[in-house]
Amino acid sequence: MKIAMVGTGYVGLVSGVCFSDFGHEVVCIDKDPRKIEMLMRGEVPIYEPGLEAVMARNVAAGGLSFSGDLAAAVAGADAVFIAVGTPTRRGDGHADLSYVMAAAEEIANALTGYCVIVTKSTVPVGTNRQVAEVVSKANPSAEFDVASNPEFLREGAAIDDFMRPDRVVVGVESERARAVMADIYRPLFLREFPIVYTDLESAEMIKYAANAFLAAKITFINEMAMLCEKVGADIKAVSKGMGLDGRIGNKFLHAGPGYGGSCFPKDTNALARIGQDHASPCAITETVIEVNDRVKRRMVDKLVDLCGGSVNGKTVAVLGVTFKPNTDDMREAPALTIVPALVGGGAKVRVIDPQGRREGEHLLPGVDWVEDPYAAATGADALVILTEWNEFRALDLAQLAQSMATPRLADLRNIYPPEDVRQAGFEAYVAVGRRGFGLGS
């Protein structure tokens, strides 16, 4: 199959690279000439484990290329995927569809024969029908179908998620379009991964409903963590006891400083707006958004308490600022709430993150970036574990404690047991949903 992928952001680049690995001929298109030049040099503009190797392999094999010329890439394509951004629109919470519609119009003018126009971007219900209208208006003679094919990629595990998916969702309304999509995903069908065919609206809803549900699980366990701190329970034991129930499952039941990233904040906001617009409020989703914001702010209070009631003049070392490990993505990360609050409170903040500096330097002004956790902790008044990178899971706690001015630890990912922290020489410790000790406990 000949595929054009419009947009080389996270979703577009991963999808295009993986489709080429299926054996398809893929051209990835972007309007940013610097990004295209970077990709043509073999450089990946995002951090995603394994992506660079798969990309290089398929470029070398001749099945993957990059271009800024949309018309040339679309001409003769069996399918054109729209994978452009749909950021939350300022002021009203809606997904901004301007990039999607602009891409649809440009694709329409470049069509040379029958083509399936596939929306890969996360879009509100009804968007694919709008895409069809835009294409028909721009090119009344165009022969095409639209399809909805939402992505379910976890940052940090995107290659494996694409190659070994829980399911592939395809919204189509003609047998011809279904046949094209079946050919595109045949390698997964042959390995018996589930492919779910639906109507357009159901495919659009599945994406939002799935992400809102996962965000709700995270927020629920964080709310239970707050209660555990009040009643003396341990959220890790509670999560384990809950997760062993097959009806609940253990995924997304890890208490922490709140969810972030490119999907959950944007998609919960969009779903809430969709519900409001159709006079069917999504009250649970709206509450999830509210509670998640409160969870992030509560982390600031924890750190202030740990520092004796004020961070003014204190040195705080923060380990990890990306919204999750194995990515360089800072979008809506809890760090964007917590770190500025520390800086604003008068703290001197040192930050270390294996991949976050490139994005973080302009998002977190007023901090000092360091490359080593032990250097970050030296002379610090408090140490904060904010993102659970593997590099932070086996630290020498005794060495850290000895090097600090006042050995106090905020483990906001519950990596280290309290007894281990105490034995290492820390005088105070706070976590999420479990008992601490010393100041602020």
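Analyst: Glu388 lies in the loop that runs between strand 12 (382-385) and helix 17 (397-403), where helices (H or I, at least four residues) and strands (E, at least two) are DSSP runs numbered from the N terminus. This is a predicted model, in which local features need pLDDT of at least 70 and side-chain atom pairs count only at pLDDT 80 or more, while totals for chains, interfaces and linings use all residues. Residues are numbered from 1 along each chain as its sequence is written, and side-chain values use heavy atoms, with hydrogens and water left out.

Glu388 counts as buried because its relative accessible area is 19%, and buried means under 20%, exposed means over 50%, and partly exposed is in between, with a 1.4 Å probe and protein chains only. The side chain of Glu388 makes a polar contact with the side chain of Arg413, at 3.1 Å. A polar contact is a pair of N or O atoms within 3.5 Å; within protein, one must be able to donate a hydrogen and the other to accept it, and residues adjacent in sequence count only if both atoms are side-chain atoms. If neighbours within four places in sequence are left aside, Glu388 is in contact with Pro325, Arg393, Arg413 and Ile415, contact meaning heavy atoms within 4.5 Å.

Asn414 has a positive phi of about 55 degrees although it is not a glycine, and it counts as buried because its relative accessibility is 4%. Phe252, in the loop between helix 11 (235-243) and helix 12 (264-277), also is not a glycine and has a positive phi, of about 65 degrees. Phe252 counts as partly exposed because its relative accessibility is 27%.

Helix 12 itself holds Thr268, which counts as buried because its relative accessibility is 1%. Not counting residues up to four places away in sequence, Thr268 touches Ala212, Ala215, Tyr259, Cys263, Thr285 and Ile289. Leu188 has its place in helix 9 (residues 186-190) and is buried, because its relative accessibility is 0%. With neighbours within four places in sequence left aside, the contacts of Leu188 are Phe22, Phe162, Met163, Pro165, Val168 and Phe193. Leu188 and Val300 are 112 residues apart along the chain, and their C-alpha atoms are separated by 45 Å.

The whole chain gives these details their setting. Its secondary structure comes to 18 helices and 14 strands, and the C-alpha trace spans about 75 × 50 × 40 Å along its principal axes. Buried residues make up 54% of the 441 residues. Among contacts between residues at least 6 apart in sequence, 72% join residues at least 24 apart. The protein chain has 45 positive and 57 negative side chains, and the centres of the two sets lie 4 Å apart; Lys and Arg count as positive and Asp and Glu as negative, while His and the chain ends are not counted, and the place of a charge is taken as NZ of Lys, CZ of Arg, CG of Asp or CD of Glu.
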